[in-house]
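User: I would like to learn how to read a structure feature by feature. Please give me the general idea each time, then the case at hand.

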Amino acid sequence: MLVYAARRILGMVVVLFAMSAVVFAAIHLLPGSVAHMVLGEYATADAVAALELKLGLRDPILVQYWRWLSGVLHGEFGQALSIDQPVARLIGGALERSAVLGGMSLLLVALMGIALGIHSAVHRGSLSDRVLTMMQYTLIAIPEFFWCTVAIIVFAVWLGWLPATGYTPLADAGLLQWLRHLILPVICLSLGLTAHVSRMVRSSMLEAIESRYVLAARAKGVPERLVLLRHALPNAMLPAITVLAIDAGILIGGIVVAETVFSFPGLGSLLMYAIQNHDIPLLQAGMLVVTAVYSLATLVADLASAMLNPRIRLGGAH
Amino acid sequence: MADILLDIQGLSLRYATANGPVTALDAVSLAIPRGGAMGLVGESGSGKSSMLLAMLGLLGKGAAVTADAARFDGQDLLKVAASLRGRRIGTVFQDPSAALNPALTIGMQVAEPLTLHRGMNWREAMERAEGLLAETGIHDPAAVLKAYPHQLSGGMKQRAVIAQALGCEPDLLLLDEPTTALDVTVEAQILDLLDALRARRGISLLLVSHNLGIVDRICDDLTVLYAGRVVEQGPCARVLAGPRHPYARGLMAAMPVISHAKQRLTSIEGNLPDLTLVDPGCNFAPRCPFAVPSCAEPQALAGEGDHRARCHRATETAALPWPEQDQARVSMEAAPERRPLLEARGMSRRFAGHGGLWRSLDWRGGWPKLAPRKSVVAVDDVTIEVRSGEVLGLVGESGSGKSTLGRLLLRLVPADAGQLEFGGTEVPLRPSSDFCQQAQIIFQNPDSALNPHHTVQEILKRPLELFGIAKGAAAGAEIDRLLDLVRLPRSYRTRYPHQMSGGEKQRIGIARALAGRPRFIVCDEAVSALDVSVQAAVLNLLSDLRAQFGLSYLFISHDIGVIAHISDRIAVMYRGAIVQQGEAAELLRGPHHPYTASLLSAVPVVGSARSQAGNRIRLAENAMAAPGEKGCSFASRCPQQLGSLCRTQVPAQRRLSNGVMMACHLPDAQLETVSLGLS
């Protein structure tokens, strides 16, 4: 298990290095100069030259990359171009708010997805299973920005229960106000993913329920509740965890959309801002952070499923 | 009768399906006295497993179980089944790898019923579980308690399953094909265990099996099921010595028996009846060679005393021989030519352990060191020849490398070392299309070997076009010829695999192998997935085709009965090496390699299963050889082991006086004693 974890962590470091190169290359190797990208089409030659000098854009590309990478390794992401603030501080604050949003969404997805999946599997073919199935396919098919718009119209505009946009820090406005701003984005982000996870849990749970070992447990006289919780669920959770990790990646994409619609000041909004304002250092750092978060989610999922799976945890003799 | 523990009268089981109600069990009656053992036999689809589930009350919602009476120790079984499960009725299912939960430790699974039914806490239950594991013959129960199923061998897993069924001291043990997934030497150990448990605990057994030898070994009474009906019932010894119902007779005659190796097998033509249509008369009549019009009348289970058969002509037909339906086109005894067709010398193949570079790093001691890559030897320096027109039988337990050797001989798997000659010319690692055409394979499981999206026609046309044998209309004629050869109706060319029975699918597999007009076919467990009566028909077909076209087979099987039946010569494989090979009759007569002897003695033979069990050669658990010792691969399990000689030196192949080659250090005189238990 330790070997497995060490291998996976090392693997993740390799992936992050590779991603840093890809992120850097995507911006610097594209046709057109970075300085023009920043300053716009009609920038004077002098302004471009000054900026290129300032950003060190005339150095060989590998030197530039090394300069950026060693900065990143020291926690130095440099200065944002469009706002006079260090990139690290901008990203840090946004990341924290997005993490709250994403974390709450993922928790909701996991709890609801697994609970609904188990319910559908146990009551397969029942009315509730059929209704759920229909809803799940609908939710998977419709993208989250649609729900964001609908939610704003219904709950903010018509009913006026919840704020349509914005964010208030927990320390300033208190728990209630903080939560009121989170409810709509969290629910909109969770709908599709909950449907996805519950479909997966349903099928892996069904497979477990129809397995020989569950039949054998029933033949041992194990009560049905324990059959499900002790015998079927641990085996059904393995695929569910893998799906959750994949969904964590999808969630990151969803966050960019939801934050834009709800004007939520998180990483997604910051990335959009960086793109719109040609803020290269901010964009690079933001993309690298997103990659890191996704790698971390995958790593956690892999380690968790390895913990649950004795074949990986202990290695196999047979 | 004596004290009856289980008494079931007229139990029926119906399912509602899209095609109408299916009658899976039709008025089945059976009784087991306290301490008695009943065998329930029949082919797949006969309803044997459904019977067990119906008794346990574990059939799904769509199933309707009714019975005139179902009494377990005086209680109504159908009403109280839920309260008996795990307490008074223990169950052992077929495949222990599937029946044990992969996510729970063996200890938890064995102790669980004790915590539920005996009110023990987990600590007490674990202690008791350790005792149960010891009772089922597990050597290190404390370690096994903490192990997960994937860490144990098949035999150990089945012992653990039996231990978990025994925990609450049940009165009745239901056994559903308890040894079918196990190797024959392991099977014999489990049968010994069941026998011992019965003697020690006075437990009653209901044993479901398709293997009559196993039933004869364990049971007092026997019930034969055919398509949901009891067709014959009575004391085991009397039923097996003189089966009265034609189906039971056919089943007995279809089994290949080592002692009558070269006799043609009888097969039962046709398929199971459609269970949606209840036949008021005899439901075996459409397949019965003795059927007469009056068989359409309802039949009663009748006979002298307690040996009863559901056939009104049982007494009349008893004296009649089983008619030969498919005439052997050519005699079985076509003397094989002596010329070798395929020669393999020093064939070896290793499979790398899991993973690449990462796995081969040794992380003990903090820093990674490059450890030598672990690899598994599948085939180790095998020299073998298949002669023109001969059947070479290759027998051994699972994991012995039989299938890998078969694939090496076809160059489907590249060899690490060794030469291969076919028809006198060297076969390169990437063989010519000509070699591929002449050397074909038939796989074990026709379900996965045939593409479910292709019709029979498409399946058979591909090799014809690939090898340039026939195209267009000529291909159509060729497909008809192939279907004739495997005795399927020409109308089957438009069928998909799922529209055929297992035996029919395997015939398509054979037809596909024949399409290239090969000279050599590897039959890789080609009949292992089939029922006994179907197996007999396919074996007969293979014999006929071989005689007709002078084909050579490498016939791979774990079933030494089948091997003895079909082979001219036999090679016995153990852990990648051939330990013995020679003319079939000579090899079977002996002297035997200790491993061959243990294989032969482990097969329960109808009629002598019990007496034979006493003489069985008992092997040690499948232990790995001590690291660093590279001797005889069988040494660690061999009851005749000579000590360091066997453990440190690989025995050379030597020729015995009867021409059989053997790799064993034992001197000739001692080899004779190895075989004594078998005569």
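User: Is Leu159(A) buried, partly exposed or exposed?

Analyst: Buried ends at under 20% relative accessible area, and exposed begins over 50%. Leu159(A) has a relative accessible area of 40%, so it is partly exposed. Bear in mind that this is a predicted model. Leu159(A) sits in the loop between α7 (144-158) and α8 (170-209) of chain A.

User: Which residues make a nonpolar surface patch with Leu159(A)?

Analyst: A patch takes residues with over 30% relative accessible area. Here the patch covers about 670 Å². Its members are Ile153(A), Phe155(A), Val157(A), Trp158(A), Leu159(A) and Trp161(A).

User: On to chain B. How many helices and strands does it have?

Analyst: Chain B has 25 helices and 26 strands. Its radius of gyration is 26 Å, close to the 26 Å that the globule rule gives for 679 residues, so chain B is as compact as a globular protein of that length. The C-alpha trace spans about 75 × 70 × 50 Å along its principal axes.

User: Show me with Asp26(B). Which residue does it meet in a salt bridge?

Analyst: Asp26(B) pairs with Arg229(B), N to O at 3.0 Å. The two residues are 203 apart and link distant parts of the chain: Asp26(B) is in strand β2 (residues 20-33), Arg229(B) in strand β11 (residues 229-235) of chain B. Arg229(B) has 9% relative accessibility, so it counts as buried.

User: Where do Glu177(B) and Lys48(B) lie?

Analyst: Start with the distance: their side chains form a salt bridge at 3.9 Å, N to O. Glu177(B) is in the loop between β8 (172-176) and α8 (184-201) of chain B, and Lys48(B) is in helix α1 (residues 48-56) of chain B, 129 residues apart. Both Glu177(B) and Lys48(B) are buried.

User: What is the N to O distance between Lys505(B) and Asp447(B)?

Analyst: The salt bridge of Lys505(B) and Asp447(B) is 2.4 Å, N to O. Lys505(B) is in helix α18 (residues 502-515) and Asp447(B) in helix α15 (residues 446-449) of chain B, so the pair ties together parts 58 residues apart in sequence. Lys505(B) has a relative accessible area of 10% and is buried. Asp447(B), at 49% relative accessibility, counts as partly exposed.

User: What else does Lys505(B) touch?

Analyst: Set aside residues up to four places away in sequence. Lys505(B) then touches Pro446(B), Asp447(B), Leu450(B), Pro497(B) and Met500(B).

User: Which residues of chain B are linked in a network of salt bridges?

Analyst: One such network links Asp3(B), Arg34(B), Asp73(B), Arg88(B) and Asp171(B).

User: How is the size of an interface given?

Analyst: It is often given as the accessible area lost when the parts come together. Chain B and chain A bury about 2700 Å² between them, with 63% of it on carbon and sulfur atoms. The contact takes 32 residues from chain B and 27 residues from chain A. Two salt bridges are found across the interface. Arg230(A) forms a salt bridge with Glu112(B), the closest N and O atoms being 2.6 Å apart.

User: Finally, two loop residues. Is Ser259(B) buried or exposed?

Analyst: Ser259(B) counts as exposed, because its relative accessibility is 60%. It is in the loop between α11 (246-254) and β12 (308-309) of chain B. Its C-alpha atom is 9.7 Å from that of Val605(B), 346 residues apart along the chain.

User: And is Arg313(B) buried or exposed?

Analyst: Arg313(B) has 14% relative accessibility, so it counts as buried. Arg313(B) is in the loop between β12 and α12 (314-318) of chain B. Leaving aside neighbours within four places in sequence, Arg313(B) contacts Phe290(B), Ala291(B) and Val292(B).

Definitions and conventions: Residues numbered from 1 in each chain as written. Chains lettered and ligands numbered in written order. Predicted model: local features only at pLDDT ≥ 70, side-chain atom pairs only at ≥ 80, totals over all residues. Heavy atoms only, no water. Patch = residues over 30% accessible without salt bridge, like charges linked within 9 Å, V, L, I, M, F, W, Y side chains within 5 Å. Areas by Shrake-Rupley, 256 points an atom, 1.4 Å probe, with all protein chains shown as cover. Salt bridge = Lys/Arg side-chain N within 4 Å of Asp/Glu carboxyl O. Helix = DSSP H or I, 4+ residues; strand = E, 2+ residues; numbered from the N terminus. Buried < 20%, exposed > 50% of the residue type's maximum accessible area, 1.4 Å probe, protein only. Rg over C-alpha atoms; globule rule 2.2 N^0.38 Å. Contact = heavy atoms within 4.5 Å. Buried area = accessible area lost by both parts, 1.4 Å probe.
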